[in-house]
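Please work through the exercises below with the sequence and the model at hand. Each task is followed by a solution in steps.

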Amino acid sequence: MSAIVEQQSPLMRVGFIGLGSQGGPMARRIIGAGYPVTLWARRPATLEPFADTSAKGSGSPAELAAASDLVCVCVVSDADVEEVLAGEHGVLAGLPRKGGGEVGGVVAVHSTIHPDTCRRLADMAAAAGARLVDAPVSGGGPAAAEGRLLVMAGGDAETVEYCRPVFATYADPVVHLGPVGSGQLTKLLNNVLFTANLATAASTLALGQALDIDPRRLADVIAHGSGSSFALGRISAAGGTLDRIASVAGPLLRKDVRLVADLADAVNAQAGTVMTAADDALSLMHHPR
């Protein structure tokens with residue numbers, strides 16, 4: 001049995017960075033499952049909600065990494081991920097190192113970022129005697145709290161399996177999609193389709209209103225029919241239009257749509273209808289690509 005599998009046990013030490021609306025519930029699920037957990041946050045106030053748990057704080061990402069077998073990162077942007085992992089006193093500076101081909105530590109990037117960023121950081125991790133998987137998530141804070149996030153994992157199969165017991169504390173399913181970067185590509189495609197669905201759902205409700213059908217009732221009916229979608233549910237909960245969610249969702253979805261557009265252009269792939277509809281949604285949210 002390989003060294004990385006032999007390390008796997010219920011007492012795997014887990015570090016978690018990124019305790020926001022989604023990362024916070026994820027960290028709580030890991031703690032609740034009995035794993036020894038170390039936390040780090042830029043702002044000490046972010047750690048206060050965990051004062052009643054067994055989790056320990058750390059002075060830097062490197063200090064957290066030195067106390068961890070697996071480090072989960074759930075921050076916002078490519079720049080944030082790079083700073084936390086490769087910056088001064090970053091995770092890669094503190095991960096345990098082993099000789100003889102043994103792997104010292106593993107990093108799981110739960111953030112949604114460019115696949116190339118993950119591939120570059122994976123190379124840096126390998127040079128430091130560690131491994132990295134990209135493992136973006138979908139579902140939001142409520143799904144994390146209930147243990148039903150979706151994890152889209154990219155990396156070698158052995159490392160993904162090593163991480164799976166921890167991922168399973170907050171996610172079901174956990175899907176391995178291929179090498180590093182595959183998880184990010186899948187998440188980005190998911191987000192483009194979600195963005196496109198926002199446009200089609202919002203325009204359908206607006207058309208219904210123009211035809212004297214109450215948008216809320218129309219949304220309730222469609223939710224029980226073949227036209228239902230997750231996007232429709234979000235719009236319905238926000239009052240039937242994109243107005244309430246535009247300020248938060250618009251910038252994030254614009255980032256993801258831009259990334260997919262760039263990736264498609266790089267290989268001369270035709271994005272097709274999904275990109276047209278996604279652009280319509282961004283325009284409706286006043287965050288055009």
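The model is predicted, so local features need pLDDT of at least 70 and side-chain atom pairs count only at pLDDT 80 or more, while totals for chains, interfaces and linings use all residues. Residues are numbered from 1 along each chain as its sequence is written, and side-chain values use heavy atoms, with hydrogens and water left out.

**Exercise 1.** Determine whether Ser60 is buried or exposed, and find which residues Ser60 touches.

*Solution.* Step 1: Ser60 lies in the loop between β3 (56-57) and α3 (61-66); helices (H or I, at least four residues) and strands (E, at least two) are DSSP runs numbered from the N terminus. Step 2: Ser60 is buried because its relative accessibility is 14%; buried means under 20% relative accessible area, exposed over 50%, partly exposed in between (1.4 Å probe, protein chains only). Step 3: Setting aside residues up to four places away in sequence, Ser60 touches Trp40 and His89, where contact means heavy atoms within 4.5 Å.

**Exercise 2.** Repeat the analysis for Pro179, which sits in the loop between β9 (171-178) and α9 (182-210).

*Solution.* Step 1: Pro179 has 58% relative accessibility and therefore counts as exposed. Step 2: Beyond its neighbours within four places in sequence, Pro179 contacts Asp134, Gly154 and Gly155. Step 3: Asp134 is 45 residues from Pro179 along the chain, with 9.0 Å between their C-alpha atoms.

**Exercise 3.** State which residues of α12 are buried and what covers them.

*Solution.* Step 1: Helix α12 comprises residues 243-266. Step 2: Its buried residues include Ala246, Leu253 and Val260. Step 3: The cover over the buried residues includes α9 and α13 (273-284).

Key: The expected span of a helix is 1.5 Å times one less than its number of residues.
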